[in-house]
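Please look at the sequence and the structure side by side before reading on. The report below moves from one group of strands to another and then turns to the confidence of the model.

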Amino acid sequence: MNSTENRSGKRGPLLVASVAAGVLLAGGGGVYYAATAAGGGGGAKTAPAAPPMLNLDEKGDRGPGIAPGEPDPGGGPSGTVYRAGVPLPQGPSEAAVHRPEGRIGAADVTRLAKALGMSGTPRLVGEVWRLGPDRDESGPRLDVSAKAPGSWTYSQYQGGPVGDTCLKGKACPPPGEAGPPRGGSPVSEAAAKAAVAPVLKATGQDDAKLDARQLMNGSVRVVNADPVVGGLPTYGWSTGVHVGPDGSLVAGSGRLTEPPAGDTYPVVGAQKALDELNKAAKGTGPIGIGGCATDPPAGAADTAGERPDLPCRTMADAAPPQVVTVTGARFGLAAQYVDGEQVLVPAWLFEAREKPGTAPYTVVRTAVDARYLAPPASSSPPPDQGTAPERQISSFTTDPAGRKLSVSFWGGVCSTYTVTAVETPAKVTVRIAEKPADPDKVCIAIAVDVTKTVTLEQPLGGRPVVDGASGQAVPRK
């Protein structure tokens, strides 16, 4: 467990973290009964006070949580249905929500900096601890949020507009762009894991589940670590560290402290959560691919092979759903926004495979009993947000100055999209807002590759680009 400053037993404000993943509410099941003695040994017993309602943010978080790039249970021409291929566990009857609280001190930042091979004294710039160069300098830089859990980013910052390379007549790197080594062969997975071990120890994630299969630019190996919090595996709370071909650490991001346990909630079993996931996906139908309705209005009928009174007709009307096999389930914690701040919520982490022999991916469903989930504040989104779920961003590029940020994602031919970016010293969070097609016009369910560009206030520099819908870092194209 990492140390923090000003930690107390009093519930502090919820705090925003840099990574996040979409999670569904789960319905039904679960009974929350407990008795405590009131007074003497033979006194009457009363039930404890119920925990407060969890206000899961509606925006982008009421749909199934899936690994980026994997099939969406409610998307695609035929949709997706998950079927258990093995008996699913019941799990515990209750579990705690983990909420970040407290402040990050200079000693915490120094500990992480030492693990990254940095020296010096961190300085507080607004609400961010910084160690390393400012805008007009170059070198390794570490930024850590002063609020727990201490979201951090590390990069090889290239800040100066002119350097020795430029003076020799060679191409200058864009101002503020990260400069990891390029070329050469990537280190082995084992060597990469060994290189990031000090960082994981400094952040209290020695027992994290590691995955070092990802490569960037063909030579930089990425180690992704999913920490264990409160004895449970996590989803959407990962640490990622980039290891160069020479074994040096060239970039990274994560959280510095572990969020403590808060209120305890009744939870449902894995089968109940899976049933609710499929029920919710069936209710959404092929939304987002043209914004088509799934059910015809009352009294609708075919006329000469056409149904002009339907808002939209898609290939999903006749196509059967895609059936994906669930090969396992773990009870854990998933990152979820509650009242606008990110916390870890009890959830079922399902392992799914599209076909036998294919690589598994993770589907996430909140396990908290639906009776303790507050209903959405409004059934209608803001006028400029559209009505479809947020798109997940697959990659990004920038112009030479680092100011024009272009993101790519899969969209529908009948919808229009706008992109917004929220900038902090530690990251750039990008969200895609979708305006569905005119409900009075027929729309075909075809997915297309869409690219949209937004202008940043400051050059991107070494800051990671984070997908606001999934909470995951977006890879550079």
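## A hairpin and its neighbour

In this predicted model, strands β17 and β18 form a hairpin with two residues between them, and in that turn D339 has a positive phi of about 55°. Strand β17 covers residues 322-338, while β18 runs over residues 341-353, and the two pair in the antiparallel sense over 13 bridges. Within this pairing, L333 stands opposite P346 of β18.

Strand β18 also pairs with β19, which spans residues 361-366, and here too the sense is antiparallel, this time over six bridges. One place to look for this second pairing is F350, whose bridge partner in β19 is V363.

The pairing of β22 with β23 (residues 428-435) is antiparallel and is made over eight bridges. In that pairing, T416 has K435 of β23 as its bridge partner.

## A closer look at one serine

Is S408 buried or exposed? This residue is found in strand β21, which covers residues 404-412, and its relative accessible area is 6%. Because buried means under 20% relative accessible area, S408 counts as buried.

Which residues is S408 in contact with, once its neighbours within four places in sequence are left aside? They are I393, S394 and S395, together with D449, V450 and T451.

The mean pLDDT of the protein chain is 73, and 65% of its residues reach 70 or more. Among the elements of the chain, strand β5 (residues 94-98) has the highest mean pLDDT, 97, whereas strand β1 (residues 36-37) has the lowest, 32.

Over residues 160-180 the pLDDT is below 50, although the model shows 37 contacts for this stretch beyond near neighbours in sequence. Residues 378-389 also have a pLDDT that stays under 50, and for them the model has 18 contacts beyond four places in sequence.

Note on methods
Residues numbered from 1 in each chain as written. Predicted model: local features only at pLDDT ≥ 70, side-chain atom pairs only at ≥ 80, totals over all residues. Heavy atoms only, no water. pLDDT = per-residue confidence, 0-100. Helix = DSSP H or I, 4+ residues; strand = E, 2+ residues; numbered from the N terminus. Contact = heavy atoms within 4.5 Å. Buried < 20%, exposed > 50% of the residue type's maximum accessible area, 1.4 Å probe, protein only. Pairing = 2+ DSSP bridges.
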